[in-house]
Amino acid sequence: MTSPHLLWLLAGVGTILVLASVIGEILRARLSPAGDNPVIENLNARINAWWVMVICLALAFIAGKPGVVLLFALCSFAALREFLTLTTHNRADHWSLVACFFLILPLQYWFLATDWYGMYSIFIPVYAFLLLPVVSALRGSTKDFLIRVSETQWALMICIYCASHVPALLYLQIPGFEGRNVILIAYLIFVVQLSDVLQYVWGKLIGRTKVAPNLSPSKTWEGLIGGTLSATAIGTALYWMTPFTPLEAAGMCLLITLMGFFGGLVMSAIKRDRGIKDWGHLIAGHGGFLDRLDSVIFAAPIFFHVTRWVWSTT
Amino acid sequence: MTMLRTFAARVTGLAISTFARFITAPRALWQGIEPVPHQRVYFANHTSNGDFVLLWTALPTPLRRQTRPVAALDYWLTSPLRAFIGREVFNAVLIDRRPEARSEDPVTQMTTALDQGSSLIIFPEGQRNSSDADLLPFKSGLYHLAKARPGFDLVPVWIANLNRVMPKGEVIPVPLICTLTFGAPLHVGPEETKDAFLARATQALLALKAPT
(Lines give C-alpha, C1' and ligand atoms only; values in the text may rest on other atoms or scores of the structure.)
Protein backbone atom coordinates (compact mmCIF):
# COMPACT_ATOMS: atom_id res chain seq x y z
CA MET A 1 0.00 0.00 0.00
CA THR A 2 2.84 2.35 0.74
CA SER A 3 4.17 4.24 -2.20
CA PRO A 4 6.90 6.86 -2.30
CA HIS A 5 4.25 9.54 -2.85
CA LEU A 6 2.38 8.50 0.29
CA LEU A 7 5.61 8.61 2.28
CA TRP A 8 6.28 12.10 0.93
CA LEU A 9 2.83 13.25 1.95
CA LEU A 10 3.16 11.72 5.43
CA ALA A 11 6.62 13.23 5.83
CA GLY A 12 5.17 16.61 4.84
CA VAL A 13 2.33 16.30 7.34
CA GLY A 14 4.83 15.18 10.00
CA THR A 15 6.92 18.28 9.32
CA ILE A 16 3.86 20.53 9.58
CA LEU A 17 2.95 18.89 12.90
CA VAL A 18 6.48 19.27 14.28
CA LEU A 19 6.35 22.95 13.32
CA ALA A 20 2.90 23.33 14.84
CA SER A 21 4.00 21.63 18.06
CA VAL A 22 7.05 23.91 18.33
CA ILE A 23 4.94 27.02 17.68
CA GLY A 24 2.32 25.78 20.14
CA GLU A 25 4.93 25.32 22.87
CA ILE A 26 6.47 28.75 22.17
CA LEU A 27 3.04 30.38 22.37
CA ARG A 28 2.33 28.53 25.60
CA ALA A 29 5.65 29.62 27.12
CA ARG A 30 4.97 33.24 26.14
CA LEU A 31 1.23 33.64 26.68
CA SER A 32 0.07 30.84 28.93
CA PRO A 33 2.93 29.71 31.19
CA ALA A 34 0.48 28.66 33.93
CA GLY A 35 -1.80 26.91 31.42
CA ASP A 36 -4.56 29.46 31.98
CA ASN A 37 -5.10 30.82 28.46
CA PRO A 38 -7.95 28.72 27.04
CA VAL A 39 -7.20 29.56 23.37
CA ILE A 40 -3.56 28.48 23.65
CA GLU A 41 -4.42 25.38 25.66
CA ASN A 42 -7.09 24.41 23.11
CA LEU A 43 -4.61 24.98 20.25
CA ASN A 44 -2.08 22.66 21.89
CA ALA A 45 -4.73 20.04 22.65
CA ARG A 46 -5.77 20.18 19.00
CA ILE A 47 -2.20 19.75 17.76
CA ASN A 48 -1.65 16.76 20.08
CA ALA A 49 -4.88 15.17 18.88
CA TRP A 50 -3.70 15.70 15.27
CA TRP A 51 -0.60 13.64 16.04
CA VAL A 52 -2.77 10.77 17.26
CA MET A 53 -5.11 11.02 14.25
CA VAL A 54 -2.26 11.12 11.72
CA ILE A 55 -0.52 8.16 13.38
CA CYS A 56 -3.75 6.10 13.34
CA LEU A 57 -4.29 6.93 9.68
CA ALA A 58 -0.67 6.09 8.80
CA LEU A 59 -0.93 2.73 10.60
CA ALA A 60 -4.15 1.96 8.73
CA PHE A 61 -2.46 2.81 5.42
CA ILE A 62 0.40 0.47 6.26
CA ALA A 63 -2.07 -2.30 7.15
CA GLY A 64 -3.58 -1.96 3.68
CA LYS A 65 -7.20 -2.26 2.56
CA PRO A 66 -8.44 -4.16 5.64
CA GLY A 67 -6.79 -1.60 7.90
CA VAL A 68 -8.38 1.39 6.18
CA VAL A 69 -11.82 -0.25 6.00
CA LEU A 70 -11.64 -1.19 9.69
CA LEU A 71 -10.50 2.29 10.72
CA PHE A 72 -13.43 3.94 8.96
CA ALA A 73 -15.87 1.35 10.27
CA LEU A 74 -14.74 2.30 13.78
CA CYS A 75 -15.03 6.01 12.95
CA SER A 76 -18.55 5.35 11.65
CA PHE A 77 -19.39 3.57 14.90
CA ALA A 78 -18.15 6.45 17.05
CA ALA A 79 -19.86 9.03 14.81
CA LEU A 80 -23.16 7.13 14.86
CA ARG A 81 -22.98 6.86 18.64
CA GLU A 82 -22.61 10.65 18.83
CA PHE A 83 -25.35 11.36 16.30
CA LEU A 84 -27.99 9.00 17.69
CA THR A 85 -27.38 10.33 21.20
CA LEU A 86 -29.01 13.54 20.01
CA THR A 87 -31.85 12.25 17.83
CA THR A 88 -35.46 11.68 18.77
CA HIS A 89 -36.31 8.10 19.56
CA ASN A 90 -38.27 6.14 22.11
CA ARG A 91 -38.46 2.60 23.41
CA ALA A 92 -40.18 1.36 20.26
CA ASP A 93 -37.03 2.14 18.29
CA HIS A 94 -34.77 -0.04 20.38
CA TRP A 95 -34.44 -2.82 17.83
CA SER A 96 -34.01 -0.49 14.87
CA LEU A 97 -31.21 1.32 16.72
CA VAL A 98 -29.56 -1.98 17.59
CA ALA A 99 -29.81 -2.88 13.88
CA CYS A 100 -28.12 0.41 12.88
CA PHE A 101 -25.03 -0.42 14.92
CA PHE A 102 -24.75 -4.16 14.75
CA LEU A 103 -26.29 -5.03 11.36
CA ILE A 104 -26.32 -2.10 8.93
CA LEU A 105 -22.89 -0.75 9.84
CA PRO A 106 -21.02 -4.07 9.51
CA LEU A 107 -22.95 -4.98 6.34
CA GLN A 108 -22.16 -1.68 4.62
CA TYR A 109 -18.44 -2.12 5.30
CA TRP A 110 -18.63 -5.79 4.33
CA PHE A 111 -20.16 -4.91 0.95
CA LEU A 112 -17.42 -2.34 0.57
CA ALA A 113 -14.62 -4.76 1.47
CA THR A 114 -15.95 -7.25 -1.06
CA ASP A 115 -16.06 -4.48 -3.68
CA TRP A 116 -19.79 -4.93 -4.33
CA TYR A 117 -20.42 -1.43 -5.70
CA GLY A 118 -23.99 -2.18 -6.82
CA MET A 119 -24.89 -3.03 -3.23
CA TYR A 120 -22.96 -0.60 -1.05
CA SER A 121 -24.02 2.37 -3.14
CA ILE A 122 -27.74 1.68 -2.55
CA PHE A 123 -27.86 -0.44 0.61
CA ILE A 124 -28.61 2.38 3.06
CA PRO A 125 -30.57 4.75 0.75
CA VAL A 126 -32.84 1.93 -0.45
CA TYR A 127 -32.89 -1.18 1.75
CA ALA A 128 -32.25 0.39 5.16
CA PHE A 129 -34.49 3.32 4.23
CA LEU A 130 -37.44 1.04 3.46
CA LEU A 131 -36.98 -1.72 6.00
CA LEU A 132 -35.84 0.06 9.15
CA PRO A 133 -39.07 2.03 9.73
CA VAL A 134 -40.93 -1.29 9.53
CA VAL A 135 -39.08 -2.48 12.63
CA SER A 136 -40.14 0.66 14.52
CA ALA A 137 -43.69 0.51 13.19
CA LEU A 138 -44.17 -3.09 14.30
CA ARG A 139 -43.62 -2.02 17.90
CA GLY A 140 -46.72 0.14 17.56
CA SER A 141 -45.66 3.54 18.88
CA THR A 142 -46.77 6.29 16.49
CA LYS A 143 -45.68 9.27 18.54
CA ASP A 144 -43.26 11.45 16.50
CA PHE A 145 -42.99 8.53 14.08
CA LEU A 146 -41.86 10.49 11.03
CA ILE A 147 -39.40 12.54 13.07
CA ARG A 148 -37.95 9.40 14.63
CA VAL A 149 -37.45 7.46 11.41
CA SER A 150 -36.18 10.50 9.47
CA GLU A 151 -33.58 11.39 12.07
CA THR A 152 -32.39 7.80 12.25
CA GLN A 153 -32.09 7.64 8.46
CA TRP A 154 -30.15 10.90 8.46
CA ALA A 155 -27.77 9.47 11.04
CA LEU A 156 -27.21 6.40 8.85
CA MET A 157 -26.60 8.46 5.73
CA ILE A 158 -24.11 10.80 7.39
CA CYS A 159 -22.27 8.48 9.74
CA ILE A 160 -22.17 5.26 7.74
CA TYR A 161 -23.08 5.83 4.10
CA CYS A 162 -21.15 9.03 3.40
CA ALA A 163 -18.23 8.14 5.67
CA SER A 164 -17.81 4.76 3.94
CA HIS A 165 -17.08 6.56 0.67
CA VAL A 166 -13.62 7.41 1.99
CA PRO A 167 -12.38 3.79 2.02
CA ALA A 168 -14.44 3.16 -1.15
CA LEU A 169 -11.80 5.17 -3.02
CA LEU A 170 -9.50 2.16 -2.61
CA TYR A 171 -11.66 0.17 -5.01
CA LEU A 172 -11.62 2.52 -7.99
CA GLN A 173 -9.66 1.31 -11.02
CA ILE A 174 -7.83 4.18 -12.62
CA PRO A 175 -5.60 3.26 -15.58
CA GLY A 176 -1.98 4.10 -14.85
CA PHE A 177 -2.72 4.63 -11.13
CA GLU A 178 -2.90 0.96 -10.06
CA GLY A 179 -1.77 0.18 -6.54
CA ARG A 180 -1.73 3.82 -5.50
CA ASN A 181 -5.39 4.43 -4.61
CA VAL A 182 -4.50 5.04 -1.00
CA ILE A 183 -3.07 8.34 -2.24
CA LEU A 184 -6.62 9.40 -3.16
CA ILE A 185 -7.69 8.96 0.47
CA ALA A 186 -4.63 10.70 1.86
CA TYR A 187 -5.12 13.52 -0.67
CA LEU A 188 -8.83 13.96 0.06
CA ILE A 189 -8.33 14.01 3.84
CA PHE A 190 -5.24 16.21 3.61
CA VAL A 191 -6.82 18.89 1.39
CA VAL A 192 -10.15 18.99 3.25
CA GLN A 193 -8.60 19.08 6.72
CA LEU A 194 -5.97 21.57 5.60
CA SER A 195 -8.80 23.75 4.36
CA ASP A 196 -10.48 23.46 7.78
CA VAL A 197 -7.27 24.42 9.55
CA LEU A 198 -6.55 27.30 7.16
CA GLN A 199 -10.12 28.59 7.45
CA TYR A 200 -9.57 28.63 11.20
CA VAL A 201 -6.21 30.41 10.82
CA TRP A 202 -7.43 32.98 8.24
CA GLY A 203 -10.57 33.54 10.28
CA LYS A 204 -8.56 34.17 13.46
CA LEU A 205 -6.17 36.51 11.62
CA ILE A 206 -8.43 38.68 9.44
CA GLY A 207 -11.97 37.32 9.90
CA ARG A 208 -14.58 40.13 10.11
CA THR A 209 -17.72 39.29 8.13
CA LYS A 210 -19.67 36.32 9.43
CA VAL A 211 -21.11 33.91 6.84
CA ALA A 212 -24.00 32.74 9.01
CA PRO A 213 -24.14 34.63 12.32
CA ASN A 214 -27.02 32.49 13.60
CA LEU A 215 -25.11 29.32 13.00
CA SER A 216 -21.50 29.74 13.86
CA PRO A 217 -19.60 32.75 15.17
CA SER A 218 -16.29 31.38 13.88
CA LYS A 219 -17.17 30.99 10.19
CA THR A 220 -16.27 34.19 8.30
CA TRP A 221 -16.10 35.06 4.60
CA GLU A 222 -12.42 35.98 5.00
CA GLY A 223 -11.72 32.58 6.58
CA LEU A 224 -13.78 30.74 3.97
CA ILE A 225 -12.19 32.41 0.94
CA GLY A 226 -8.68 32.47 2.37
CA GLY A 227 -8.89 28.89 3.62
CA THR A 228 -10.41 27.26 0.55
CA LEU A 229 -8.17 29.16 -1.87
CA SER A 230 -4.94 28.49 0.00
CA ALA A 231 -5.85 24.81 0.52
CA THR A 232 -6.74 24.59 -3.19
CA ALA A 233 -3.38 26.15 -4.08
CA ILE A 234 -1.47 23.65 -1.94
CA GLY A 235 -3.61 20.76 -3.23
CA THR A 236 -2.97 21.85 -6.83
CA ALA A 237 0.77 21.93 -6.16
CA LEU A 238 0.50 18.25 -5.18
CA TYR A 239 -1.19 17.24 -8.46
CA TRP A 240 1.80 15.04 -9.38
CA MET A 241 0.82 12.42 -6.83
CA THR A 242 -2.77 12.19 -8.12
CA PRO A 243 -4.29 11.00 -11.41
CA PHE A 244 -5.25 14.63 -12.14
CA THR A 245 -3.65 17.31 -14.28
CA PRO A 246 -2.91 20.60 -12.46
CA LEU A 247 -6.14 22.18 -13.74
CA GLU A 248 -8.18 19.10 -12.82
CA ALA A 249 -6.54 18.98 -9.39
CA ALA A 250 -7.46 22.63 -8.81
CA GLY A 251 -11.07 21.91 -9.76
CA MET A 252 -11.23 18.86 -7.51
CA CYS A 253 -9.67 20.74 -4.59
CA LEU A 254 -12.14 23.60 -4.96
CA LEU A 255 -14.99 21.09 -5.07
CA ILE A 256 -13.96 19.19 -1.95
CA THR A 257 -13.00 22.24 0.11
CA LEU A 258 -16.39 23.81 -0.65
CA MET A 259 -18.20 20.57 0.18
CA GLY A 260 -16.16 20.42 3.38
CA PHE A 261 -17.25 23.94 4.29
CA PHE A 262 -20.90 23.05 3.62
CA GLY A 263 -20.48 19.98 5.80
CA GLY A 264 -19.27 22.10 8.69
CA LEU A 265 -22.15 24.51 8.14
CA VAL A 266 -24.90 21.87 8.03
CA MET A 267 -23.54 19.97 11.01
CA SER A 268 -23.28 23.25 12.96
CA ALA A 269 -26.95 23.91 12.22
CA ILE A 270 -27.84 20.55 13.78
CA LYS A 271 -25.68 21.23 16.83
CA ARG A 272 -27.26 24.67 17.23
CA ASP A 273 -30.74 23.22 17.05
CA ARG A 274 -29.91 20.64 19.74
CA GLY A 275 -28.21 23.26 21.92
CA ILE A 276 -24.75 21.74 22.04
CA LYS A 277 -21.30 23.01 21.12
CA ASP A 278 -19.59 19.72 20.29
CA TRP A 279 -20.80 16.32 19.17
CA GLY A 280 -18.70 14.47 21.69
CA HIS A 281 -15.64 14.65 23.90
CA LEU A 282 -13.33 11.86 22.80
CA ILE A 283 -10.92 13.93 20.67
CA ALA A 284 -9.34 16.42 23.06
CA GLY A 285 -9.52 20.00 21.79
CA HIS A 286 -11.71 19.11 18.80
CA GLY A 287 -14.80 17.62 20.45
CA GLY A 288 -16.22 14.45 18.98
CA PHE A 289 -15.52 12.35 15.90
CA LEU A 290 -18.23 14.20 13.97
CA ASP A 291 -16.69 17.58 14.79
CA ARG A 292 -13.51 16.46 13.05
CA LEU A 293 -15.07 14.39 10.28
CA ASP A 294 -18.00 16.59 9.20
CA SER A 295 -16.13 18.16 6.29
CA VAL A 296 -14.62 14.88 5.07
CA ILE A 297 -18.03 13.18 5.31
CA PHE A 298 -19.59 15.78 3.01
CA ALA A 299 -16.69 15.83 0.57
CA ALA A 300 -16.07 12.08 0.28
CA PRO A 301 -19.11 10.89 -1.74
CA ILE A 302 -18.79 13.74 -4.25
CA PHE A 303 -15.05 13.22 -4.60
CA PHE A 304 -15.65 9.48 -5.03
CA HIS A 305 -18.33 9.83 -7.70
CA VAL A 306 -16.60 12.53 -9.73
CA THR A 307 -13.36 10.54 -9.70
CA ARG A 308 -15.23 7.37 -10.60
CA TRP A 309 -17.21 9.05 -13.37
CA VAL A 310 -14.28 10.76 -15.04
CA TRP A 311 -11.21 8.65 -14.32
CA SER A 312 -12.21 5.16 -13.22
CA THR A 313 -13.00 2.27 -15.53
CA THR A 314 -15.30 0.50 -13.05
CA MET B 1 -7.03 -20.59 44.24
CA THR B 2 -7.58 -17.29 45.97
CA MET B 3 -5.01 -15.66 43.73
CA LEU B 4 -6.70 -17.15 40.70
CA ARG B 5 -10.09 -15.81 41.79
CA THR B 6 -8.61 -12.37 42.44
CA PHE B 7 -6.98 -12.41 39.03
CA ALA B 8 -10.20 -13.54 37.34
CA ALA B 9 -12.06 -10.78 39.20
CA ARG B 10 -9.57 -8.14 37.99
CA VAL B 11 -9.82 -9.33 34.38
CA THR B 12 -13.61 -9.52 34.50
CA GLY B 13 -13.77 -6.01 35.97
CA LEU B 14 -11.56 -4.70 33.19
CA ALA B 15 -13.65 -6.48 30.55
CA ILE B 16 -16.90 -5.09 31.96
CA SER B 17 -15.65 -1.51 32.15
CA THR B 18 -14.08 -1.75 28.66
CA PHE B 19 -17.42 -2.93 27.32
CA ALA B 20 -19.19 -0.10 29.17
CA ARG B 21 -16.79 2.40 27.58
CA PHE B 22 -17.30 0.93 24.11
CA ILE B 23 -21.07 1.21 24.39
CA THR B 24 -21.47 4.51 26.24
CA ALA B 25 -18.18 6.49 25.93
CA PRO B 26 -18.99 7.80 29.44
CA ARG B 27 -18.25 11.43 30.09
CA ALA B 28 -17.72 12.58 33.66
CA LEU B 29 -18.48 16.23 34.40
CA TRP B 30 -17.11 17.26 37.78
CA GLN B 31 -19.23 20.33 38.42
CA GLY B 32 -19.35 20.72 42.17
CA ILE B 33 -16.42 18.66 43.37
CA GLU B 34 -12.98 17.54 42.18
CA PRO B 35 -12.05 13.93 41.31
CA VAL B 36 -9.60 13.49 44.20
CA PRO B 37 -9.27 10.29 46.26
CA HIS B 38 -11.20 11.41 49.32
CA GLN B 39 -13.57 9.00 50.98
CA ARG B 40 -17.10 9.79 49.83
CA VAL B 41 -20.61 8.52 49.39
CA TYR B 42 -21.79 8.90 45.78
CA PHE B 43 -25.57 8.78 45.42
CA ALA B 44 -27.14 8.52 41.97
CA ASN B 45 -30.37 8.04 40.07
CA HIS B 46 -31.13 4.44 39.20
CA THR B 47 -32.66 3.55 35.84
CA SER B 48 -30.65 0.53 34.78
CA ASN B 49 -28.63 -2.37 36.14
CA GLY B 50 -25.66 -0.79 34.42
CA ASP B 51 -25.75 2.33 36.61
CA PHE B 52 -23.14 1.40 39.15
CA VAL B 53 -20.91 -0.19 36.49
CA LEU B 54 -20.94 3.09 34.60
CA LEU B 55 -20.33 5.22 37.70
CA TRP B 56 -17.53 2.86 38.73
CA THR B 57 -16.04 3.07 35.20
CA ALA B 58 -16.26 6.87 35.10
CA LEU B 59 -14.23 7.26 38.30
CA PRO B 60 -10.46 7.75 37.87
CA THR B 61 -8.55 4.55 38.77
CA PRO B 62 -7.33 5.57 42.26
CA LEU B 63 -10.89 6.50 43.24
CA ARG B 64 -12.36 3.40 41.63
CA ARG B 65 -10.13 1.06 43.65
CA GLN B 66 -11.52 2.34 46.94
CA THR B 67 -15.17 2.58 45.85
CA ARG B 68 -17.73 -0.13 46.60
CA PRO B 69 -21.29 -0.18 45.23
CA VAL B 70 -24.12 -0.88 47.63
CA ALA B 71 -26.37 -3.43 45.91
CA ALA B 72 -29.33 -5.65 46.59
CA LEU B 73 -28.44 -9.06 47.96
CA ASP B 74 -31.69 -10.55 46.67
CA TYR B 75 -30.58 -9.69 43.11
CA TRP B 76 -26.86 -10.37 43.23
CA LEU B 77 -26.86 -13.73 44.98
CA THR B 78 -29.37 -15.45 42.70
CA SER B 79 -26.75 -17.14 40.50
CA PRO B 80 -23.06 -18.10 40.94
CA LEU B 81 -22.05 -15.74 38.10
CA ARG B 82 -23.89 -12.80 39.61
CA ALA B 83 -22.46 -13.62 43.01
CA PHE B 84 -18.94 -13.66 41.54
CA ILE B 85 -19.47 -10.33 39.78
CA GLY B 86 -21.17 -8.71 42.76
CA ARG B 87 -18.82 -9.96 45.45
CA GLU B 88 -15.44 -10.44 43.82
CA VAL B 89 -15.39 -8.07 40.85
CA PHE B 90 -17.15 -5.06 42.33
CA ASN B 91 -16.66 -5.92 45.99
CA ALA B 92 -20.25 -4.81 46.54
CA VAL B 93 -21.75 -4.18 49.95
CA LEU B 94 -24.70 -6.53 49.60
CA ILE B 95 -27.74 -5.49 51.58
CA ASP B 96 -31.00 -7.31 51.97
CA ARG B 97 -34.00 -5.23 50.92
CA ARG B 98 -36.45 -7.48 52.78
CA PRO B 99 -36.64 -6.28 56.41
CA GLU B 100 -38.21 -9.51 57.61
CA ALA B 101 -35.48 -11.72 56.18
CA ARG B 102 -32.32 -9.84 56.98
CA SER B 103 -29.90 -10.47 59.77
CA GLU B 104 -27.87 -7.28 59.39
CA ASP B 105 -28.99 -3.68 59.33
CA PRO B 106 -28.15 -2.09 55.94
CA VAL B 107 -27.03 1.20 57.49
CA THR B 108 -24.66 -0.66 59.81
CA GLN B 109 -23.23 -2.54 56.81
CA MET B 110 -22.61 0.75 55.04
CA THR B 111 -21.01 2.48 58.02
CA THR B 112 -18.78 -0.57 58.52
CA ALA B 113 -17.59 -0.27 54.91
CA LEU B 114 -16.94 3.46 55.40
CA ASP B 115 -15.04 2.77 58.61
CA GLN B 116 -12.87 0.31 56.69
CA GLY B 117 -11.83 3.14 54.36
CA SER B 118 -14.08 2.55 51.35
CA SER B 119 -16.12 5.05 49.39
CA LEU B 120 -19.66 3.98 48.53
CA ILE B 121 -22.03 4.17 45.56
CA ILE B 122 -25.67 4.11 46.61
CA PHE B 123 -28.99 4.46 44.85
CA PRO B 124 -31.33 6.12 47.36
CA GLU B 125 -34.44 5.30 45.31
CA GLY B 126 -33.91 1.70 46.41
CA GLN B 127 -35.01 0.22 43.10
CA ARG B 128 -34.78 0.84 39.39
CA ASN B 129 -36.95 3.68 38.17
CA SER B 130 -38.87 2.73 35.04
CA SER B 131 -41.61 5.31 35.57
CA ASP B 132 -41.92 8.60 33.69
CA ALA B 133 -40.88 10.56 36.78
CA ASP B 134 -37.24 11.67 36.98
CA LEU B 135 -36.80 10.16 40.43
CA LEU B 136 -38.74 7.88 42.73
CA PRO B 137 -39.13 9.03 46.36
CA PHE B 138 -35.87 8.45 48.26
CA LYS B 139 -35.73 5.73 50.92
CA SER B 140 -34.56 6.83 54.33
CA GLY B 141 -31.21 4.97 54.13
CA LEU B 142 -29.36 8.01 52.81
CA TYR B 143 -30.53 10.09 55.78
CA HIS B 144 -29.61 7.46 58.38
CA LEU B 145 -26.21 7.00 56.77
CA ALA B 146 -25.62 10.76 56.74
CA LYS B 147 -26.64 10.96 60.43
CA ALA B 148 -24.43 8.02 61.40
CA ARG B 149 -21.33 9.36 59.63
CA PRO B 150 -21.80 13.15 59.32
CA GLY B 151 -18.17 13.79 58.35
CA PHE B 152 -18.37 12.28 54.85
CA ASP B 153 -19.24 14.18 51.68
CA LEU B 154 -22.46 12.97 50.06
CA VAL B 155 -21.93 13.55 46.34
CA PRO B 156 -24.97 13.62 44.03
CA VAL B 157 -24.34 12.04 40.61
CA TRP B 158 -26.83 12.34 37.76
CA ILE B 159 -26.46 9.53 35.23
CA ALA B 160 -27.97 10.62 31.91
CA ASN B 161 -29.04 8.45 28.99
CA LEU B 162 -28.35 4.99 30.33
CA ASN B 163 -32.09 4.25 30.37
CA ARG B 164 -32.03 4.81 26.59
CA VAL B 165 -28.98 2.57 26.14
CA MET B 166 -30.61 -0.32 27.93
CA PRO B 167 -34.34 0.09 28.62
CA LYS B 168 -35.72 -2.30 31.20
CA GLY B 169 -36.44 -5.68 29.61
CA GLU B 170 -34.11 -5.28 26.61
CA VAL B 171 -31.13 -7.58 26.14
CA ILE B 172 -28.84 -5.83 23.65
CA PRO B 173 -27.64 -2.31 24.52
CA VAL B 174 -27.73 0.53 21.98
CA PRO B 175 -24.46 2.49 21.91
CA LEU B 176 -25.21 6.06 23.01
CA ILE B 177 -23.06 8.55 24.90
CA CYS B 178 -23.79 8.74 28.63
CA THR B 179 -22.94 11.69 30.82
CA LEU B 180 -22.32 11.55 34.57
CA THR B 181 -22.56 14.87 36.36
CA PHE B 182 -20.96 15.08 39.81
CA GLY B 183 -22.47 17.87 41.93
CA ALA B 184 -21.48 19.77 45.06
CA PRO B 185 -21.36 17.63 48.22
CA LEU B 186 -24.15 17.60 50.82
CA HIS B 187 -24.09 17.16 54.59
CA VAL B 188 -26.98 16.67 56.95
CA GLY B 189 -27.62 19.65 59.23
CA PRO B 190 -27.61 19.05 63.01
CA GLU B 191 -31.27 20.04 63.34
CA GLU B 192 -32.40 18.87 59.91
CA THR B 193 -35.35 16.47 59.80
CA LYS B 194 -35.38 13.34 57.69
CA ASP B 195 -37.96 14.69 55.24
CA ALA B 196 -36.21 18.03 54.85
CA PHE B 197 -32.86 16.34 54.19
CA LEU B 198 -34.25 13.85 51.71
CA ALA B 199 -36.05 16.65 49.87
CA ARG B 200 -32.81 18.64 49.73
CA ALA B 201 -30.86 15.62 48.47
CA THR B 202 -33.54 14.97 45.81
CA GLN B 203 -33.36 18.58 44.65
CA ALA B 204 -29.55 18.51 44.57
CA LEU B 205 -29.63 15.45 42.33
CA LEU B 206 -32.37 16.79 40.06
CA ALA B 207 -30.49 20.09 39.65
CA LEU B 208 -27.72 18.18 37.83
CA LYS B 209 -30.12 16.91 35.21
CA ALA B 210 -30.11 20.05 33.05
CA PRO B 211 -27.96 19.43 29.97
CA THR B 212 -24.72 21.36 29.88
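**Notebook: chains A and B**

I started with the interface in this predicted model: 13 residues of chain A are in contact with 11 residues of chain B. Looking up which elements of chain A supply two or more residues to that side, I found helix H3 (65–86) and helix H4 (94–113). I then sorted the chain A side by class and got five nonpolar, five polar and three charged residues.

Next, chain B by itself. I noted nine helices and seven strands. How compact is chain B for 212 residues? Its radius of gyration is 16 Å, close to the 17 Å from the globule rule, so I can call chain B as compact as a globular protein of that length. I also took the spans of the C-alpha trace of chain B along its principal axes, and they come to about 50 × 40 × 35 Å. Of the 212 residues, 38% count as buried. For contacts in chain B with a separation of 6 or more, I see that 72% are between residues 24 or more positions apart.

Back to chain A, this time for its domains. The assignment lists domain 1 (1–63), domain 2 (66–171) and domain 3 (179–314). I checked domain 1 of chain A against domain 3 of chain A, and their centres, over C-alpha atoms, are 18 Å apart. The contact uses 12 residues from domain 1 and 10 residues from domain 3. On the domain 1 side, helix H1 (4–31) and helix H2 (38–63) of chain A each give two or more residues. Which of them gives the largest share? I have H2(A) down for that, with six residues. By class, I wrote down seven nonpolar, four polar and one charged for the domain 1 side.

Key:
Residues numbered from 1 in each chain as written. Chains lettered and ligands numbered in written order. Predicted model: local features only at pLDDT ≥ 70, side-chain atom pairs only at ≥ 80, totals over all residues. Contact = placed C-beta atoms within 7 Å. Helix = DSSP H or I, 4+ residues; strand = E, 2+ residues; numbered from the N terminus. Nonpolar A, V, L, I, M, F, W, Y, C, P; charged D, E, K, R; others polar. Rg over C-alpha atoms; globule rule 2.2 N^0.38 Å. Buried ≥ 20, exposed ≤ 12 C-beta atoms within 10 Å, placed from the backbone. Domains from an automatic or database assignment.
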